[in-house]
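Dear colleague,

I am passing the structure below on to you, together with some notes on what turned up in it. Please read the notes with the coordinates open beside them.

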Amino acid sequence: MVARLVIAAPSSGAGKTTVATGLMAAFAGRGLAVSPHKVGPDYIDPGYHALATGRPGRNLDAFMCGTGLIAPLFAHGSRGCDLAVVEGVMGLYDGAADQGELASTAQVAKLLKAPVVLVVDASSQSRSVAALVHGFASWDPEVRIGGVILNKVATDRHEHLLREALGESGVPVMGVLRRAPAVATPSRHLGLVPVAERQAAAVDAVAAQAEQVLQGCDLEALLALARSAPELSAEPWDPGIAARLHAGGSVVPTRSALRNDCPQPRVAVAGGAAFTFSYAEHAELLEAAGAEVVTFDPLRDEALPEGTSGLVIGGGFPEMYGAELSANEPLRKAVAELAASGAPIAAECAGLLYLARSLDGTPMCGVLDADARMSERLTLGYRDAVAIGDSALAAAGTRMRGHEFHRTVIEPGAGATPAWGLRQPERRVEGFVQGGVHASYVHTHWAAVPETAARFVAHCRGGGDA
């Protein structure tokens, strides 16, 4: 039984991330073990959540993982914690396009039986706030809005008008936050600037958010609301069990077998400022499937970790670090040699760009006979995908759900054997399966299809060393 709150808003831009991160940091500062979660596929907000709590930020995405995994993944991430804070996505009732409530904050709140705190941008309204809150609170009777936090309040007079208007709404005001430049987090073409790129500035911003919440919110009332959540009967997701149950014919050795005569492959995972997008469950599944996971930084390390037999390059911002990545010629050569050996390589989005011949004219690893460049067009949305051919990640015909989020294009968009066939928003093929390489723009969540990790590790066990 974990006390829990969902932090939602009527729309994007109301201040959910500021409030959620500030609450996480404030409660953690009081000595509570706080479990941070984010609705949807976003990678950046969980980085700030992790900074605030000292625990991995975890995503809860009902489109990619299915509704049945939301409570188990939540229980896994929040095991042993005193409180869980779940930051919503977009507006409270916004979800996957043309699919009703699927993947919305409201749906996740219902699946978790969690009370919702609505963050309202009050900067351009007074009495109308009551109508807004009433509408959101009454729209779906299964969603329990237990409180409101008023954000961007201008003056004491403005606060008085807002509180007076909400007095008869039945939804208590649990916080009032003034405009505060110190808590702002800079943004660019794909959203907030990740924690790994800001370092000390990000620490200062989270501290300012915590202080703002301490000064403006009723933490005791919020904690009492979180503790009012009913029991959640969900068995925690277990990466070990998931890997063994969904090995897809691969042998997933036990830990005792690994200690004796079964080789343990080493999987190198790209990290650092250029590659910040990953789900915590991916590394957990790789380890559960028998791999040793080692992180390296392509901006700094001139060689892959010794004994690398598989490589995972997730998403991030290589376009911001193209010159530095290109200048690290020894590592680019090592990646190309690993690919040429037939070792399994899984690359998503930023990883796809890194494996290309060039990015905006700057040389990359040259594994793929393709060139990438920045674009004015934002590609964003959920995807239904089917594997076109056999690869180190998936057997042909495997269906997965994922999402795209980028302002780059790669030409050609697919290799002789594409990675995926996509069904929405338009039918097309994309990505590359080439030797042991699986490279694509589509981000996937391996918890939804755990055999992905088991298959990858099995290929690592049978492949060559770097």
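To begin with a question: is Arg423 buried, exposed or partly exposed, going by its relative accessibility? Arg423 counts as partly exposed, at 43% relative accessibility, where buried means under 20% relative accessible area, exposed over 50%, and partly exposed in between (1.4 Å probe, protein chains only).

Before the rest, a word on provenance. This is a predicted model, in which local features need pLDDT of at least 70 and side-chain atom pairs count only at pLDDT 80 or more, while totals for chains, interfaces and linings use all residues. Residues are numbered from 1 along each chain as its sequence is written, and side-chain values use heavy atoms, with hydrogens and water left out.

Salt bridges

The structure holds 20 salt bridges, a salt bridge being a side-chain nitrogen of Lys or Arg within 4 Å of a carboxyl oxygen of Asp or Glu. Arg423 takes part in one of them, with Asp384, the closest N and O atoms being 3.9 Å apart. This pair links distant parts of the chain, since Asp384 belongs to strand β16 (residues 371-387) and Arg423 to the loop between β18 (420-422) and β19 (428-430), 39 residues apart; helices (H or I, at least four residues) and strands (E, at least two) are DSSP runs, numbered from the N terminus.

Arg266 counts as partly exposed at 23% relative accessibility, and Glu292 is partly exposed with a relative accessible area of 29%.

The parallel sheet and its helices

Seven strands form an open sheet with parallel pairing, in the order β3-β2-β4-β1-β5-β6-β7, and two strands are taken to pair if DSSP finds at least two bridges between them. The edge strands, each pairing on one side only, are β3 (58-60) and β7 (173-178). From one strand to the next, the twist averages 25°. Within this sheet, strand β2 (residues 34-39) and strand β4 (residues 83-87) are joined in the parallel sense over five bridges, and Lys38 stands opposite Glu87 in β4. Lys38 also forms a salt bridge with Asp45 (3.2 Å, N to O), and both Lys38 and Asp45 are buried.

Helix α7 (residues 156-166) lies across β6 (145-153) and β7, and runs at about 155° to β7; for such values, axes are lines fitted to C-alpha atoms, for helices over the stretch in contact, and angles run from 0 to 180 degrees between N-to-C directions. Asn151, in strand β6, is buried with a relative accessible area of 7%. Leaving aside residues up to four places away in sequence, Asn151 touches Ala14, Gly15, Val119, Val120, Asp121, Ala122, Ser123 and Leu177, contact meaning heavy atoms within 4.5 Å.

Ala106 lies in helix α5 and counts as buried at 1% relative accessibility. With residues up to four places away in sequence again not counted, Ala106 touches Leu92, Tyr93 and Val143.

A helix pair

The axes of helix α1 (residues 16-29) and helix α9 (residues 200-216) come within 7 Å and cross at roughly 85°. The two helices α1 and α9 are therefore roughly perpendicular to each other, a description that covers angles of 65 to 115 degrees, with those under 35 degrees counting as roughly parallel, those over 145 as roughly antiparallel and the rest as oblique.

Around strand β21

Strand β21 (residues 437-440) has Val437 and Ala439 pointing one way and His438 and Ser440 the other way, and all are buried. Four bridges join β21 to strand β13 (residues 345-348), the two running parallel, and Ala347 has Ala439 as its bridge partner in β21. Strand β20 (residues 432-434) runs antiparallel to β21 and is joined to it by three bridges, with His438 as the bridge partner of Val433. In the hairpin of β20 and β21, which has two residues between the strands, Gly435 takes a positive phi near 60°.
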